[in-house]
Amino acid sequence: QVQLVESGGGLVQPGGSLRLSCAASGFTFSAYAMNWYRQAPGKERELVASISSLGGVTKYADSVKGRFTIIRDNGKRTMSLEMNSLKPEDTASYYCGRSSGVDIKPNYWGQGTQVTVSS
């Protein structure tokens with residue numbers, strides 16, 4: 001069955017960096033777009049970044065452009081999110097999701113990893 005497992009969350013000070021990872025299994029990883037979404041308390045889940053199946057196309061939310069980078073390694077079946085210059089408003093649970101295209105909402109999700117940006 002499809003499994004997505006996130007890791008790498010934690011507590012970081014404003015201006016700091018974190019790297020989130022998503023390990024995938026149970027499907028042909030290189031055939032699907034992958035996504036990072038986040039959800040803060042009391043807010044809807046929102047797209048952070050997407051990457052196409054072969055990595056040639058990426059898409060970012062305006063709020064993270066220039067600070068976050070999404071990458072994937074199809075050989076290792078992993079996807080990562082490099083987060084720099086973190087802000088308190090980046091605090092949320094971050095979810096890895098699989099979709100059939102960059103502009104399509106995921107239909108499989110991981111369990112999420114918490115990112116807290118605070119001094």
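Which residues does Tyr-94 touch, not counting residues up to four places away in sequence? Tyr-94 touches Glu-6, Leu-20, Trp-36, Tyr-37, Arg-38, Val-48, Phe-68, Leu-81, Met-83, Gly-112, Thr-113 and Val-115, where contact means heavy atoms within 4.5 Å.

The model is predicted, so local features need pLDDT of at least 70 and side-chain atom pairs count only at pLDDT 80 or more, while totals for chains, interfaces and linings use all residues. Residues are numbered from 1 along each chain as its sequence is written, and side-chain values use heavy atoms, with hydrogens and water left out.

**Nonpolar core**

A nonpolar core is a set of buried Ala, Val, Leu, Ile, Met, Phe, Trp, Tyr and Cys residues joined through side-chain atoms within 4.5 Å. Buried means under 20% relative accessible area, exposed over 50%, and partly exposed in between (1.4 Å probe, protein chains only). The largest such core has 29 residues, and Met-34, Trp-36, Met-79, Leu-81, Met-83 and Tyr-94 touch the most other members. At least two core residues come from each of β3 (18-25), β4 (33-39), β5 (46-51), β7 (68-73), β8 (78-83), β9 (92-99) and β11 (113-117). Strand β3 gives the largest share, four residues. Strands (E, at least two residues) are DSSP runs, numbered from the N terminus.

**Disulfide**

There is one disulfide, defined as a pair of cysteine sulfur atoms within 2.5 Å. Cys-22 and Cys-96 form it, with sulfur atoms 2.0 Å apart. Cys-22 lies in strand β3 and Cys-96 in strand β9, 74 residues apart. The link is left-handed, with -60° about the S-S bond. Both Cys-22 and Cys-96 are buried.

**Salt bridges**

The structure holds six salt bridges, each a side-chain nitrogen of Lys or Arg within 4 Å of a carboxyl oxygen of Asp or Glu.

| Glu-82 | Arg-19 | 2.0 Å |

Asp-103 is exposed at 63% relative accessibility, and Lys-59 is partly exposed at 32%. Both Asp-62 and Lys-65 are exposed. A network of salt bridges links Arg-38, Glu-46, Arg-67 and Asp-90.

**Positive phi**

Arg-77, not a glycine, has a positive phi of about 60° and is found in the loop between β7 and β8. Ser-85, not a glycine, has a positive phi of about 50° and is found in the loop between β8 and β9.
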